[in-house]
Amino acid sequence: MEPIILWFLLIIGLTLLVFIMTKLPFKEFLFGYLLTSYFAIVIGVLVVEEKMIDYPDKFLQNHFDSSLLFEYLLFPVVCLFFYRTSYHSSRIGILLQAALYSVALTAMELTIERYTSLVEYSTWTGIHTFFSVLIFMIFIRVLLQLLRTRTP
């Protein structure tokens, strides 16, 4: 069942990636995607190496310990959707949307952790996921806002 879930998430992620590409200026899309991927990979590797979380079933499991699907595709795409939906929001609106996205991602991860072998928590918890996603999304949103206002 896990390979089917992985392939389903890959197809969904690629579809959403193509969709969000058309909704953002290319410079913002590319910078946001690469920046989010970079930081997600660094943090993901640290968390896995510290044995806080494990990904028993994943793509290229003989070569990578962390989840490439999440760190390279799904999380960057979700961050770009958050950026796009909060494009014209107030600060409170941005915080509320970040919290909603974080709750949704945390709920999905907890469900996947509970019912599949795609994610296994050791010392990691849903609270860690919620706050790390929340802070990370706001951080990326601020950087993309700076890029948008500082460049012609």
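This is a predicted model: local features need pLDDT of at least 70, side-chain atom pairs count only at pLDDT 80 or more; totals for chains, interfaces and linings use all residues.
## Terms and ground rules

Residues are numbered from 1 along each chain as its sequence is written, and side-chain values use heavy atoms, with hydrogens and water left out.

## The whole chain

Let's start with the overall layout. The protein chain has five helices and two strands (DSSP runs numbered from the N terminus: H or I of at least four residues for helices, E of at least two for strands). Reading from the N terminus, the order is α-α-β-α-α-β-α.

As for size, the C-alpha atoms of the protein chain fill a box of roughly 45 × 30 × 25 Å along the principal axes. The radius of gyration of the protein chain is 15 Å, which agrees with the value near 15 Å for a compact globule of 152 residues (taken over C-alpha atoms; the rule is 2.2 Å times the number of residues to the power 0.38). Buried residues make up 40% of the 152 in the protein chain (buried is under 20% relative accessible area, exposed over 50%, partly exposed in between, with a 1.4 Å probe and protein chains only). Take the contacts between residues at least 6 apart in sequence: 75% of them join residues at least 24 apart (contact is heavy atoms within 4.5 Å).

## α2 against α3

Helix α2 (residues 26-49) packs on α3 at an angle of about 130 degrees, and their axes are 8 Å apart (axes are lines fitted to C-alpha atoms, for helices over the stretch in contact, with angles from 0 to 180 degrees between N-to-C directions). That makes α2 and α3 oblique to each other.

On the α2 side, the residues are E28, F29, G32, Y33, T36, S37, A40, I41, G44 and V45; they meet E71, Y72, L73, F75, P76, C79, L80 and Y83 of α3. Sorted by class, the contact of α2 with α3 has twelve nonpolar, four polar and two charged residues (Ala, Val, Leu, Ile, Met, Phe, Trp, Tyr, Cys and Pro are nonpolar; Asp, Glu, Lys and Arg charged; the others, Gly among them, polar).

## α3 against α4

Next comes α3 (residues 68-85) with α4 (residues 91-115), packed at about 150 degrees with axes 10 Å apart. α3 and α4 are therefore roughly antiparallel to each other. From α3, the contact uses F75, V78, F81, F82 and T85, and from α4 I94, Q97, A98, Y101 and L105. The contact of α3 with α4 has eight nonpolar, two polar and no charged residues.

## Residues to click on

F136 sits in helix α5 (residues 126-150) and is buried, with a relative accessible area of 9%. Leaving out residues up to four places away in sequence, F136 touches T36, F39, A40, I43, F75 and C79. F136 and F39 are 97 residues apart in sequence, yet 8.7 Å apart in space, C-alpha to C-alpha.

T106, in helix α4, is buried too, with a relative accessible area of 7%. Beyond its neighbours within four places in sequence, T106 is in contact with G126, T129 and F130. K51 lies in the loop between α2 and β1 (53-54) and is exposed, at 62% relative accessible area. The phi of K51 is near 60 degrees, a positive value in a residue other than glycine.

Terms used. Angles under 35 degrees count as roughly parallel, over 145 as roughly antiparallel, 65 to 115 as roughly perpendicular and the rest as oblique.
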